Structure formats: C-alpha cells, structure tokens
Amino acid sequence: MYQLNYDPNALVNSVICTLHLKNDFHLSKVLGISPSTIARIRYFQLPVSASILVRLHQETGLSVKELRAMMGDERKFFERIDLTTCTKILSPAHKKLDAKYAGMENFVGSTRLN
C-alpha cells in the first residue's frame, strides 16, 4: 500500500473556480448530484467515484487524469480508495467546522436524540 496525499477539497475548489460557480450547492446542481454528496466528499466520508469524475470531465473539459491529479490521486489505474489510509489535508476552515460540530453526533437538526 502506498501513501496518498488525497485531498478532494482541492478538486472541488478548482472545479468551482473553473466553472465560475459560487459554492458547493451550485456545483451539485451542475453535476446532477445532491449537495450532501459534495459535503461527504469534502469530509472524506465518500471517495470521488468514477461517475462523478466523468461528470466533472463533461462539464469542465479537463481529462480524468488531470482531475485525479488535482485531488492528489497519482495512481496509474483507478481503484477504490481506502479513506482510512489516506493523509487528510484539511484547510483551517474545515478544522474550525470539525471543532465546532465535535460532540454533536446525538443531534439531528434542532432535536436532541436521547
């Protein structure tokens, strides 16, 4: 196994800039996926799938190889990524959000689960 500098945030941010979009919500609408899928990708809960890479290719015109390089995926062939072995590179903003919502796993919306 080899260490990856896997950072899907770099890919998402680059695509948002390339397409001149405002935020993740607008990107999700362009790609035809739910906003929660983008959020799960950003928080390393869901890898960027081949179908999402193909949609990104269709919208941006960038090759799949270029898109994979943007997120630090330098493997020679596409395979499923084990997110637990990847190096997580979080921006300061994401670290603040993680700290803000730490310990709130028992909350759903504004209702506390007992």
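**Close-up views of the helical core and its salt bridges**

View 1. Arg42 is buried, with a relative accessible area of 8%. Here, buried means under 20% relative accessible area, exposed means over 50%, and partly exposed lies in between (1.4 Å probe, protein chains only). This is a predicted model: local features need pLDDT of at least 70, side-chain atom pairs count only at pLDDT 80 or more, and totals for chains, interfaces and linings use all residues. Residues are numbered from 1 along each chain as its sequence is written, and side-chain values use heavy atoms, with hydrogens and water left out. Arg42 sits in helix α3. Helices (H or I, at least four residues) and strands (E, at least two) are DSSP runs, numbered from the N terminus. The Arg42 side chain makes a polar contact of 2.6 Å with the side chain of Asn13. Another, of 2.7 Å, joins the side chains of Arg42 and Asp24. A polar contact is a pair of N or O atoms within 3.5 Å; within protein, one must be able to donate a hydrogen and the other to accept it, and residues adjacent in sequence count only if both atoms are side-chain atoms.

View 2. Asp24 and Arg42 form a salt bridge, with the closest N and O atoms 2.7 Å apart. Asp24 lies in helix α2 and Arg42 in helix α3, so the pair ties together parts that are 18 residues apart in sequence. Asp24 is partly exposed, at 22% relative accessibility. A salt bridge is a side-chain nitrogen of Lys or Arg within 4 Å of a carboxyl oxygen of Asp or Glu. Two are found in a search of the whole structure.

View 3. Arg55 and Glu59 meet through their side chains in a salt bridge (3.1 Å, N to O). The two residues are four apart in helix α4, so about one helical turn separates them. Arg55 is partly exposed at 26% relative accessibility. Glu59 is also partly exposed, with a relative accessible area of 32%.

**View 4. The buried side of α4.** Helix α4 spans residues 50-60, and Ile52, Leu53, Leu56 and Thr60 are buried in it. They lie on the same side of α4, because they cover an arc of only 100° around the axis. The arc is that of the directions from the helix axis to the C-beta atoms. The buried residues of α4 pack against α1 (8-18), α2 (24-31), α3 (35-42) and α5 (64-70). Contact means heavy atoms within 4.5 Å. Just after α4, Gly61 takes a positive phi of about 85°.

**View 5. Helix α2, from start to end.** At the start of α2, a side-chain oxygen of Asn23 comes to within 3.1 Å of the backbone nitrogen of Phe25. Leu27, Ser28 and Leu31 are the buried residues of α2. Their arc around the axis is only 100°, which puts them on the same side of α2. The cover over these buried residues includes α1, α3 and α4.

**View 6. The largest nonpolar core.** This core has 16 residues, and Leu11, Leu27, Val48, Leu53 and Leu56 have the most contacts inside it. At least two of its residues come from each of α1, α2, α3 and α4. The most come from α1, which gives four. A nonpolar core is a set of buried Ala, Val, Leu, Ile, Met, Phe, Trp, Tyr and Cys residues joined through side-chain atoms within 4.5 Å.
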